[in-house]
Amino acid sequence: MTACRVCGSHIAEASYEASAPALTTTMAFVDIPTLAFVCDECGHAQSGDLPDIKAFYDTSYQISMESDDHDQIFAIGADNQPIYRTDHQAAVSLRLLDLPQGATILDYGAAKSTTLRKMHKARPDLRPHVFDVSADYRPAWQGWVAPEDQASYTIPAEWVGRFQAIMSHFVIEHVPEPVAFLKALHDLLAPEGRLLLSMPDVAANPGDMAVADHLNHFSIPSFKRAFSLAGFRVDTIDTEVFPGAFFVIAKRADDSVPLTIDRAEIATATDKAREICAFWKQAAIRLNEAAKEFAGRRAAIYGSGFYGSWICSRVESDVALSVFLDQNPNLQGTSHFGKPVIAPATLADDVDVVFVGLNPLKARAAIAQQPSLHRPGLNLVWIDG
Ligand SMILES: [Zn+2]
């Protein structure tokens with residue numbers, strides 16, 4: 001039994017459970033089982049707690065630290081060139097926040113804050129502030145954020161009520177108490193201040209359900225509930241600008257915000273969450289079968305992100321894994337779990353089987369565009385059957 005991180009209701013049992021180790025967004029294994037719970041009261045889904053969470057984010061969790069160019073691909077553009085996450089996030093944030101001239105803005109849980117740096121470049125009138133729960137990112141803030149506008153570990157008291165806007169990209173899914181987190185942001189905003197929050201949409205990217213450090217898997221009704229409880233009015237919910245994610249604009253309210261509970265919307269969300277839990281159970285069975293079927297054969301994994309890493313953990317003791325294939329030019333030439341990462345077009349002829357480690361909702365379309373994967377005799381294994 002556990003308590004819902006949003007509404008506090010008791011959740012009797014896990015809807016998905018897999019034995020340790022669990023895999024994180026940074027492709028690290030932690031020695032805990034993977035658990036997913038679904039709340040029927042508010043439509044939230046959540047994972048089990050992460051041990052020693054403060055130390056994890058302070059010292060072990062580093063996104064994009066290697067270089068400025070190491071950035072996650074958000075999509076492949078019409079010209080077949082990758083579009084990077086922070087470029088897209090910066091453009092979308094400027095448009096959705098529609099900031100007034102000279103606005104004071106905080107990037108909360110900023111990491112290197114590449115998104116805000118790009119926004120500031122486009123809008124030099126903005127006054128950027130950054131905060132993170134680690135000091136590792138401070139070098140990346142120098143030169144464009146005033147020293148007094150940077151904070152690590154603790155928010156300065158004088159920041160309360162300061163900001164016309166706060167944005168927090170892909171942070172709330174990591175937070176054990178999301179309502180308390182939103183209340184803290186509420187207090188940092190000036191009256192009528194606006195908050196932009198982005199978070200994964202597990203329904204659009206089922207992999208999110210099995211990520212150990214994503215403690216929250218929000219649905220529309222569950223984040224609406226969290227915002228109301230924290231004193232926000234939701235203005236805009238955008239599910240289109242960033243496939244696989246919600247971008248939400250909410251305004252600080254200073255009166256009480258009524259809770260509107262839409263039972264049909266909640267039921268749709270819980271059905272979806274349980275369907276995804278069932279998908280993961282099936283995927284694990286399927287991978288075990290495929291690992292036995294292709295035991296000893298030369299194999300590659302397409303995708304060196306979460307899905308590919310998860311597949312690797314399931315099959316590497318059975319098959320002869322030679323490479324990871326990845327479209328991201330910044331990853332090509334690196335290694336992942338000791339195997340080279342190469343461009344899909346350069347796959348060797350003697351590979352017998354490719355395990356497709358992509359979002360199953362998009363995998364078939366992506367693989368259809370890779371001629372090297374359609375040669376006779378090459379087997380493709382899909383995690384969704
Ligand atoms: Zn709940």
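**Exercise 1.** What spacing do the donors of the zinc ion follow along the chain?

*Solution.* The model is a predicted one, in which local features need pLDDT of at least 70 and side-chain atom pairs count only at pLDDT 80 or more, while totals for chains, interfaces and linings use all residues. Residues are numbered from 1 along each chain as its sequence is written, and side-chain values use heavy atoms, with hydrogens and water left out.

Step 1. Donors are N, O and S atoms within 2.8 Å of the metal (3.2 Å for Na, K and Ca); water is not among the atoms, so sites may look incomplete. For the zinc ion the protein donors are the SG atoms of C4, C7, C39 and C42, at 2.2 to 2.4 Å.

Step 2. Along the chain these donors give the spacing C-x2-C-x31-C-x2-C.

**Exercise 2.** Find the geometry of the zinc site.

*Solution.* Step 1. Four donors count as tetrahedral if all angles lie between 85 and 135 degrees.

Step 1. The angles among the four donor atoms are 101 to 115°, and the site is tetrahedral.

Step 2. For four tetrahedral donors the ideal angle is 109.5 degrees.

**Exercise 3.** Locate the largest nonpolar core.

*Solution.* Step 1. A nonpolar core is a set of buried Ala, Val, Leu, Ile, Met, Phe, Trp, Tyr and Cys residues joined through side-chain atoms within 4.5 Å. Buried means under 20% relative accessible area, exposed over 50%, partly exposed in between (1.4 Å probe, protein chains only).

Step 1. The largest such core has 39 residues, and W280, I311 and F355 are among those with the most contacts inside it.

Step 2. Its largest share, 10 residues, comes from α7, the helix spanning 263-293.

Step 3. The core lies between domain 1 (73-256) and domain 2 (296-382), because both give residues to it. These bounds come from an automatic or database domain assignment.

**Exercise 4.** Describe the backbone at A111 and S113.

*Solution.* Step 1. Most residues other than glycine have a negative phi.

Step 1. A111 has a positive phi of about 50°, and S113 one of about 60°.

Step 2. A111 is buried at 15% relative accessible area, and S113 is buried at 2%.

Methods: Tetrahedral: all angles 85-135°; square planar, octahedral: opposite > 155°, others 65-115°. Helix = DSSP H or I, 4+ residues; strand = E, 2+ residues; numbered from the N terminus.
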